[in-house]
Amino acid sequence: MKTILSGIQSSGKLHLGNYFGALRQHIQMQEKGDAFYFIANYHSMTSIDDGEEIYQNTIDIALDYLALGLDPDKCTFFAQSDVPQVTELAWMLSTFCPVSMMEKAVAYKDKVAQGVTPNIGLFTYPILQAADILIYNSDVVPVGQDQKQNIEICRDLAGRFNHNYGDEFLKLPEEYIVKSVAVVPGIDGRKMSKSYGNTIGIFDEGKTLRKKVMSIETDSTPLDEPKDPERCNVFALIKLFAGESKQQQIADKYRAGGYGYGHAKNELLDMIEVYFAEARAKRKELAQDIDTVRDILSEGGKKARARAESVMEPIREVAGVFKSY
Ligand code: TYM
């Protein structure tokens with residue numbers, strides 16, 4: 001059975017990009033293999049230094065996942081920090097990682113370009129991510145397009161490690177990226193991302209949701225003129241929610257004229273409300289019992305640690321570093 005693994009940072013509210021680009025696949029794939037999903041709370045420390053905030057984000061993301069259909073009986077669901085072997089392996093991998101490899105990482109360069117003063121944790125972020133993946137012998141990593149390079153780095157580091165010690169100690173994983181949702185656009189048309197402030201939250205509702213949908217950027221084609229759906233941000237988001245015939249219907253209205261961007265936004269708003277209605281109700285219910293959520297994470301942590309330890313043992317041995325002498 002294939003091992004499927006993925007993670008999400010606890011760095012803020014999850015958005016439609018996270019859902020369609022990753023979470024939805026995670027939930028679908030829990031039936032299709034031995035699935036490990038975790039909340040990357042160590043990674044979020046590269047951008048958040050408030051402990052309470054990281055803790056709260058971790059619980060919130062656990063609630064999101066569970067409300068959206070993640071079933072802890074079908075997969076291993078846990079927090080990254082519950083598996084100390086991850087940071088242990090990350091250290092070992094860092095000794096095989098040329099500084100130049102990190103300097104070339106696009107996500108790092110982007111953050112620096114945005115004006116972030118980088119810390120070493122941010123610089124070596126992909127090494128910790130490689131350890132996250134390799135420590136469970138993962139075969140497949142379902143992610144959005146922005147994680148592709150990190151997975152290439154992961155394979156590269158595993159290859160260097162294996163080559164040095166002369167055996168396949170670490171399994172090289174493959175990314176799984178669904179093309180149609182590889183890059184979900186935000187309200188300004190750029191990739192939806194917390195750092196661009198252009199997100200629509202999965203669990204946004206009421207006025208907040210309306211305000212965000214209404215602020216999706218469009219061109220200024222007048223109401224009665226025909227419009228090209230394929231060049232419209234609103235339509236790009238509609239496509240995530242609508243089946244083929246509904247998409248076709250709306251595309252026809254765009255092309256016919258007399259259908260304004262405001263109409264499209266209202267249709268999108270309704271689609272979002274309907275699509276997530278059940279998850280919203282479930283999330284409210286789950287939020288009444290945080291202890292159960294914490295129990296789920298700690299049970300998952302136990303299972304994840306057991307797997308991680310079995311992968312780590314031979315690695316310590318071949319590297320000549322042991323836990324006790
Ligand atoms: P994060 O928390 O930024 O995002 C979580 C997942 O959501 C996807 N995603 C998107 N997909 C399509 N369109 C978008 N606009 C969009 N925005 C986000 C991301 O590609 C990701 O799959 N480094 C990871 C967390 C991580 C991880 C790992 C992932 C840590 N260790 C090991 C996989 C394996 C991250 O920051 O994701």
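Predicted model: local features only at pLDDT ≥ 70, side-chain atom pairs only at ≥ 80, totals over all residues.
Is Glu53 buried, partly exposed or exposed, going by its C-beta neighbours inside 10 Å? The views below take that up along with a few other spots. Residue numbers start from 1 along each chain as its sequence is written.

**View 1. Glu53 in helix 3.** Glu53 belongs to helix 3 (residues 51-68); helices (H or I, at least four residues) and strands (E, at least two) are DSSP runs, numbered from the N terminus. Glu53 counts as partly exposed because it has 14 C-beta neighbours inside 10 Å. The cut-offs: buried is 20 or more other C-beta atoms within 10 Å of a residue's own, exposed is 12 or fewer, and partly exposed is in between, with C-beta atoms placed from the backbone.

**View 2. Tyr37 in strand 2.** Look for Tyr37 in strand 2 (residues 34-40). Tyr37 counts as buried, because 25 C-beta neighbours sit inside 10 Å. Setting aside neighbours within four places in sequence, Tyr37 is in contact with Ser6, Gly7, His26, Leu70, Cys75 and Phe77; contact means C-beta atoms, placed from the backbone, that lie within 7 Å.

**View 3. Helix 11 and what surrounds it.** Seven of the nine residues of helix 11 are buried, so this helix is largely enclosed by the rest of the structure. Those buried residues are Asn233, Val234, Phe235, Leu237, Ile238, Lys239 and Leu240. They pack against helix 1 (16-29), helix 12 (244-256) and helix 13.

**View 4. Helix 11 against helix 13.** Helix 11 (residues 233-241) and helix 13 (residues 261-286) pack at about 30 degrees, with axes 10 Å apart. On the helix 11 side, the contact is made by Val234, Phe235, Leu237, Ile238 and Phe241, while helix 13 brings residues including Tyr261, Lys265, Glu267 and Tyr275.

**View 5. The whole chain, for confidence.** The mean pLDDT of the protein chain is 97, and 100% of its residues reach 70 or more. The model scores ipTM 0.99 and pTM 0.96.

Key:
Axes fitted to C-alpha atoms, helices over the stretch in contact; angles between N-to-C directions. Contact = placed C-beta atoms within 7 Å. pLDDT = per-residue confidence, 0-100.
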